[in-house]
Amino acid sequence: MTTKARIKRSLTNLFTWLRLHPNRWSVGNAFKVHEYCELVDRSGLRRDDVVLDLGCGQGLQTQLLAWDCAKVVGVDVSPSAIEQARQRSRFSPVRSRLQFYCSPLEEAGLPSDHFDHVFSFCVLEHIPNLDVVLAELARIVKPGGELHFTVDSLGTIADQAVIERHRADHFVIEYFTPQSIRERLSNAGFEVTESYPIFTSPLARDEFVKRIVSGGSLNLLGKIRLYRELRREDRENASPAGIMVLVRARKPVPNARRATPISRPMSDAKPAVA
Ligand SMILES: C[S@@+](CC[C@H](N)C(=O)[O-])C[C@H]1O[C@@H](n2cnc3c(N)ncnc32)[C@H](O)[C@@H]1O
């Protein structure tokens, strides 16, 4: 390892120990920040919950989730990602609440009826045997436990060449719509409580296409500014399609009456903003 890399790692470890890293601004680009906030802030996560982060990658979101619950298990099929996740959480004050497994979820052998919440940030679209994975989730989630997923949709991008480039770059098996992901989860036995597009605006589309075509990243101020714009535009833009879809579902409780959505009917529409 070079001296520069060693210094960077030491600083990251120090910031992790001080609880300054990871934070919401460090989970990735402005899209990843908005995705995390949108998925987690309305999840109803509680202090005593046991959580699964499916396809946790390098475990930044896993670490963040651990601040707000009792235990988080991060599972990822990539050995290098799990190695990074373990390395990055070594100095975390919440490391005792974290467990990382390198395995496809369906082979991880996790206990039945165990998890209160499952999060996954843009993972399902990469899984070829998705129905097998969903069946495994139906086994390991507690009755009444909840799923919170984002999936790639690219529903506002018309240029097929751009979509194919994204598919190839990121090994995407399937792009979802609010309807198609809802059907997959329903077929696996979950009650879908909401399913709606995010990053619905022309701004989101243009910024996302720019990243596919030419890459590039913003400094922190630029990232904060773009995050705010993406969030505002999402709230003002009632479009039936977006760059991603957010879906939440629940494992039914045996013999319980089917839950009725309380505040609004299940729909492809975005939730009302307070
Ligand atoms: C696009 S990455 C997302 C990583 C992370 N969630 C994030 O938002 O930065 C998708 C991840 O899913 C993992 N993955 C794919 N299929 C999986 C499976 N069957 N079980 C567990 N992880 C899987 C991949 O290794 C990859 O790290």
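1. Phe-199 touches Phe-31, Ala-204, Phe-208, Leu-230, Asp-234, Gly-242, Ile-243 and Met-244, leaving out residues up to four places away in sequence. Contact here means that two C-beta atoms, placed from the backbone, lie within 7 Å. The structure is a predicted model, in which local features need pLDDT of at least 70 and side-chain atom pairs count only at pLDDT 80 or more, while totals for chains, interfaces and linings use all residues. Residues are numbered from 1 along each chain as its sequence is written.

2. Phe-199 counts as buried because it has 30 C-beta neighbours inside 10 Å. The term buried applies when 20 or more other C-beta atoms lie within 10 Å of a residue's own, exposed when there are 12 or fewer, and partly exposed in between, with C-beta atoms placed from the backbone. Phe-199 sits in the loop between E6 and H8. Helices (H or I, at least four residues) and strands (E, at least two) are DSSP runs numbered from the N terminus.

3. The largest nonpolar core has 53 residues, and Val-118 and Phe-199 touch the most other members. Such a core is a set of buried Ala, Val, Leu, Ile, Met, Phe, Trp, Tyr and Cys residues joined through C-beta atoms within 7 Å. In soluble globular proteins, nonpolar side chains tend to be buried together.

4. Phe-199, a residue other than glycine, has phi near 60°. Asp-113, also not a glycine, has a positive phi of about 50°. Most residues other than glycine have a negative phi.

5. Is Asp-113 buried or exposed? Asp-113 is exposed, since 12 other C-beta atoms lie within 10 Å. Its place is the loop between strand E3 (98-102) and strand E4 (115-121).

6. Leu-98 belongs to strand E3 and is buried, with 21 other C-beta atoms within 10 Å. Apart from neighbours within four places in sequence, Leu-98 is in contact with Thr-62, Gln-63, Ala-66, Val-72, Gly-74, Ser-89 and Ser-92.

7. Helix H6 (residues 160-170) and helix H8 (residues 202-214) have axes that come within 10 Å and cross at roughly 60°. These axes are lines fitted to C-alpha atoms, for helices over the stretch in contact, with angles running from 0 to 180 degrees between N-to-C directions. The crossing of H6 and H8 is left-handed, meaning that the near helix is turned anticlockwise from the far one by less than a right angle.

8. Which residues form this contact? Val-162, Arg-165 and His-166 in H6 meet Val-209, Ile-212 and Val-213 in H8. By class, the contact of H6 with H8 has 4 nonpolar, 1 polar and 1 charged residues. Ala, Val, Leu, Ile, Met, Phe, Trp, Tyr, Cys and Pro count as nonpolar, Asp, Glu, Lys and Arg as charged, and the others, Gly among them, as polar.

9. H6 lies largely in the open, because of its 11 residues the number buried is 1. Val-162, in helix H6, counts as partly exposed, with 16 C-beta neighbours inside 10 Å. Val-162 and Val-213 are 51 residues apart in sequence and 7.3 Å apart in space, C-alpha to C-alpha.

10. Around the ligand there are 16 residues, of which Gly-55, Gly-57, Ser-78, Pro-104 and Phe-121 are the closest. A residue is near a molecule if its C-beta atom, placed from the backbone, lies within 6 Å of it. The shell around the ligand has 11 nonpolar, 4 polar and 1 charged residues.

11. Glu-194 lies in strand E6 (residues 191-198). This residue counts as buried because of its 22 C-beta neighbours inside 10 Å. Glu-194 and Pro-178 are 16 residues apart along the chain, and their C-alpha atoms are separated by 8.8 Å.

12. Ser-217 lies in the loop between H8 and helix H9 (220-236) and is exposed, with 10 other C-beta atoms within 10 Å. Ser-217 and Asn-29 are 188 residues apart in sequence but 7.4 Å apart in space, C-alpha to C-alpha.
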